[in-house]
Amino acid sequence: MEKKRFSRESKAFIAVLIFISFIMLLCNVLTDLCVDDFCYLGSFSTNERIDSLWDIFPSMAMHAKTMNGRVVAHFFVQLFLIFPLPIFKVINTAMFVFQILLILHLSGAKINQRWFLALCAFALIWVYEPAFGQVNFWLDGACNYLWSAVAALIFLCPFGKLFVSDTEVKPIYLRILFCIAGFFAGAFAESTAISAIFMSVCLIVLCFICGKKVNVWYFAALVCALLGFIFMISAPAEFENKLAEMNFGTLRINFIAALDMLKSFAVLPVSFAVLACAHFYLVKEKRTLLFSFVLALGALCANFVHIFAGYYPGRCASFCVVLFVAADIALAARLLETDARLPIKCAAAALVVIFAYNLAFGVNDVFSTHIKISENEQRIEECREAGIMNVELPMFVTHSKYSAVSGLKYLDTETYDTWPNNHMAAYYGVESIIGYWE
């Protein structure tokens, strides 16, 4: 009976992963190049089209001087723009699925729980992550936010396993990879890096409090993360373009903005509070509870660090959501072994209903956006063939956060010689493009 149950639940887990992969790949395929993608087709150094790997390095050197210090993330943006787009879409889908697997790994979920918790994690992220399309489907956005979250979770896993289950990274090659992951976690994106470094320090301190020995390689990985962060923020353009003015009025306004952002997915911290309370009374082992608190504190850190940022778009809150989901899943994994499993499964049933609606609505909006962009591409081609090199394109409205264009400036309607119109015109081989509202 045990073998049959294991086989059945393993098949259910594989089915859930296939389902997640199908949805994410479908939406990735339906998402076209847009906005900043056209900008990153060209070198920031020479303004010419990037044709090889070696063209990216001088481009990113100039990017650090003029744009920001996220040269690691934008290196991948320009790298994937060299290759056929399907390559990115497949890899990006795998990256999202890997993020779900990392959340499960952090939770310590048992084999018979994985299909259920994987589905819950996907549903929570799909429903509550702001600017979902920008974070997970848009090429430029995914390399900045989805990929930075994956790098941070990879870096965090060894610290979490050391504290919760006394599992230490021992093979030398894994220790080296641990340090490399630390550098990438620190160098990808500002808020993600700060949160990951903060959580790793918290877990090291908790290990010392609990009398655990922390191998020197964990400190080495932390130092690598700090070096990656320094590498990113030391870019000349970083302080000029990313930081807010340091005065009471600006910081107060930014604090309220961060609080308002947290409200948009308030169900996640509220769920954490309920699950933590249930865990405290029903589960004897408290390390998971402490670890989940570290994840929740990391989520709050990722959110409120934007008090010091020049702006806080919804896509920047993605790692905060991922960490709250990881904290909730970690607690739920333990509570499923207690008398709380029935209320958790009932709550999950309600979540599935909400998820099903948002899934259908979101996929439809992604498809609708793809149709509109395809029609505009056809219009550009027809104009170019007719010798009309100054093209006017109709603007369109998106209806959900799942469209990558939602919340972004698809085209400027006032002037043609500004971003993103000029880069889009260069890509399609016309003199100018301008948008208009029908």
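Colleague: How many residues apart are Tyr 357 and Phe 361 in helix H17?

Modeller: They sit 4 residues apart, so about one helical turn separates them. Helices here are DSSP runs of H or I with at least four residues, strands are E runs of at least two, and both are numbered from the N terminus. Keep in mind that this is a predicted model: local features need pLDDT of at least 70, side-chain atom pairs count only at pLDDT 80 or more, and totals for chains, interfaces and linings use all residues. Residues are numbered from 1 along each chain as its sequence is written, and side-chain values use heavy atoms, leaving out hydrogens and water.

Colleague: What describes a pair of aromatic rings?

Modeller: The distance of the centres and the angle of the planes. Rings of Phe, Tyr and Trp (its six-membered ring) pair if their centres lie within 6.5 Å; planes under 30 degrees apart are stacked, over 60 edge-to-face, the rest tilted. The structure holds 36 aromatic pairs. Take Phe 122 and Phe 355: their centres are 5.4 Å apart and their planes at 70 degrees, so that's edge-to-face. The pair bridges distant parts of the chain, with Phe 122 in helix H6 (residues 114-128) and Phe 355 in helix H17 (residues 341-385), 233 residues apart.

Colleague: And how are the rings of Tyr 357 and Phe 361 arranged?

Modeller: Their centres are 5.9 Å apart and their planes at 15 degrees, so they're stacked.

Colleague: Is Tyr 357 buried or exposed?

Modeller: Buried means under 20% relative accessible area, exposed over 50%, partly exposed in between (1.4 Å probe, protein chains only). Tyr 357 is exposed at 56%, while Phe 361 is partly exposed at 36%. Phe 122 and Phe 355 are both buried.
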